[in-house]
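The structure is shown first, and the description follows.

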Amino acid sequence: MIETRQLIHPERPIFEHGAEGRSGASLPELDVPAIDAQKHFGKLARVTLAALPEVSEVEVTRHFTRLSRWNYAIDLGLYPLGSCTMKYNPKVNERVARMPGFAGVHPQQPESTLQGALEIMWRLERVLCELGGFRRVALQPAAGAQGELCGVMMIAAHHQSQGRAPSKVLIPDSAHGTNPASCTLSSYTTVPLKTGETGIVSVDTVAQACAENPGDIAAIMMTNPSTLGLFETDLGKIAEVVHAAGGLVYMDGANFNALLGKVRPAETGVDVMHINLHKTFTTPHGGGGPGAGVVGVGATLEPYLPTPTVEKEGDRYFLDYRRAKSIGRLRSFFGNFGMFVRAYTYMRELGGPGLTLATEMAVLNANYIRARLKDVYSLAYEAPSMHEVVFTDRKLKRETSVQTLDVAKRLMDYGYHPPTIYFPLPAVTGGAGALMIEPTETETKETLDDFCDALRAIADEAKRDAEMVKQAPHQTALGRLDETRAARQPILRWRAK
Ligand SMILES: Cc1ncc(COP(=O)(O)O)c(C=O)c1O
């Protein structure tokens with residue numbers, strides 16, 4: 001079978017196609033004077049040609065068409081990648097974002113001709129304020145991680161304005177990796193908090209950390225629901241403890257799709273929170289594409305919002321750059337505008353009750369998978385799941401030696417994108433591998449059943465023929481890859497000639 005496949009799909013990289021001097025483009029004769037690149041660009045001018053593949057049009061077309069057919073996409077099937085919220089994006093969002101008036105808008109147009117765009121941003125901010133309980137929301141940050149940086153910078157600005165310089169941020173061991181990174185970028189030291197057997201941050205752990213670092217706590221940064229898919233039940237009390245210690249409360253709200261219409265974080269003592277529009281409000285996610293990590297704040301941090309903000313005076317919308325205490329600009333112009341249009345369309349399409357229903361369905365779907373698989377895969381935590389469910393391979397590995405990586409690879413043979421597996425579960429799981437599954441609200445019961453059937457079938461196969469599962473995938477364009485080698489020894493064929 002493998003030979004046949006190789007005949008149909010030669011697996012040679014593009015660098016091994018083509019021949020010297022071959023070209024896929026026919027450019028007209030130069031009809032302007034040639035310029036001397038060295039003279040114009042000095043050291044920046046290339047002196048040797050880049051070793052680009054020299055291929056014909058048909059070679060390049062077939063190469064990329066073949067790659068696209070090996071690819072997996074949310075429009076092809078369930079994409080259960082935990083912590084990423086890869087949900088189906090209703091096409092109406094795309095259609096609206098591509099309307100010429102939105103797609104063609106230029107940020108340097110005079111403000112009087114940008115009124116529609118500014119109104120969308122203004123309205124989006126109002127909806128986000130309503131959902132989160134915040135006074136203002138900064139739309140500028142281009143991704144969740146940049147939203148975190150924005151929030152942490154505002155926290156630092158606040159302490160500075162009080163004549164304080166606390167140096168530490170408390171971060172639970174269940175946090176997304178971007179959380180400590182954002183704090184470190186802002187020159188804070190992070191203090192890890194152990195979540196223990198429950199997976200949930202306890203008030204006592206926080207109180208102890210505050211007591212051990214008197215006067216030195218700038219903030220706590222807590223993801224809710226956490227990256228373990230658990231609701232942080234004590235967040236309100238934790239906020240009181242941190243505030244009493246002089247710190248502020250940052251909630252990583254990247255998983256806000258589990259809370260819409262249920263919890264207003266600001267009402268639980270949260271001072272600042274980012275929301276990933278590209279996770280909660282169905283703007284496309286992944287592949288390095290643009291996102292929007294908008295940041296909501298309460299009264300304490302409002303003066304430090306990045307500029308510009310969108311304001312309204314009478315019927316006129318305008319960009320306000322005059323915020324004396326602002327942390328400044330984080331992103332060129334006013335952020336990823338296309339993402340705002342998509343998110344706002346989604347909100348208007350669903351309305352308040354629809355958004356709440358989306359949350360309920362996301363949580364229900366995760367718990368359905370939990371119920372259907374918990375006798376076969378081990379549950380990482382007993383607390384009910386929110387938008388995602390985390391299993392471990394503890395039992396499976398003990399009984400069959402098959403691990404989560406093998407399960408993920410075998411799932412590809414069943415036609416699914418694997419769930420997240422490389423997630424550093426806090427120590428409580430004893431180093432077991434994780435299967436972190438986030439089905440999202442957009443999947444039907446039938447799809448979830450098929451997916452659970454596949455995972456159950458793999459657990460059966462592991463008992464009957466563990467070796468076969470360990471060699472998976474068998475039906476994909478490429479078999480099992482040496483991922484460590486791929487990361488450590490990338491193929492460097494693109495060298496200057
Ligand atoms: C909990 C959490 N925080 C932060 C982020 C970072 O968001 P982004 O990838 O947009 O930078 C993510 C990403 O999915 C996340 O799951």
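## Basis of the description

A polar contact is a pair of N or O atoms within 3.5 Å; within protein, one atom must be able to donate a hydrogen and the other to accept it, and residues adjacent in sequence count only if both atoms are side-chain atoms. This is a predicted model, in which local features need pLDDT of at least 70 and side-chain atom pairs count only at pLDDT 80 or more, while totals for chains, interfaces and linings use all residues. Residues are numbered from 1 along each chain as its sequence is written, and side-chain values use heavy atoms, with hydrogens and water left out.

## Contacts with the ligand

An oxygen atom of the ligand lies 2.8 Å from a backbone N or O atom of Ala-145. The protein covers 88% of the 390 Å² of accessible area that the ligand has on its own (Shrake-Rupley method, 1.4 Å probe).

## The shell around the ligand

There are 15 residues around the ligand, each with a heavy atom within 4 Å of it. Those that come nearest are Gly-144, Ala-145, Asp-252, His-278 and Lys-279. By class, the shell holds nine polar, three nonpolar and three charged residues; Ala, Val, Leu, Ile, Met, Phe, Trp, Tyr, Cys and Pro count as nonpolar, Asp, Glu, Lys and Arg as charged, and the others, Gly among them, as polar.

At least two shell residues come from each of α7 (144–161), β6 (272–276) and α11 (277–280). The largest share, three residues, belongs to α7. Helices (H or I, at least four residues) and strands (E, at least two) are DSSP runs numbered from the N terminus.

A cavity is a set of points, on a 1 Å grid over the protein atoms alone, where a 1.4 Å probe fits but cannot get out; its lining residues have an atom within 4 Å of a point. The count is two cavities of 30 Å³ or more, a volume being the space filled by probe spheres set on points joined across faces, edges and corners.

The largest cavity has a volume of about 110 Å³. Its lining has 13 residues, with Leu-139, Gln-140, Pro-308, Thr-309 and Val-310 nearest its centre. β1 gives the most to this lining, with three residues. The second largest cavity has a volume of about 50 Å³, and its lining includes Leu-228, Arg-370 and Tyr-381.

Note on methods
1 Å grid on protein atoms, 1.4 Å probe; cavity = no way out; pocket = protein on both sides within 12 Å on 5 of 7 lines; lining within 4 Å.
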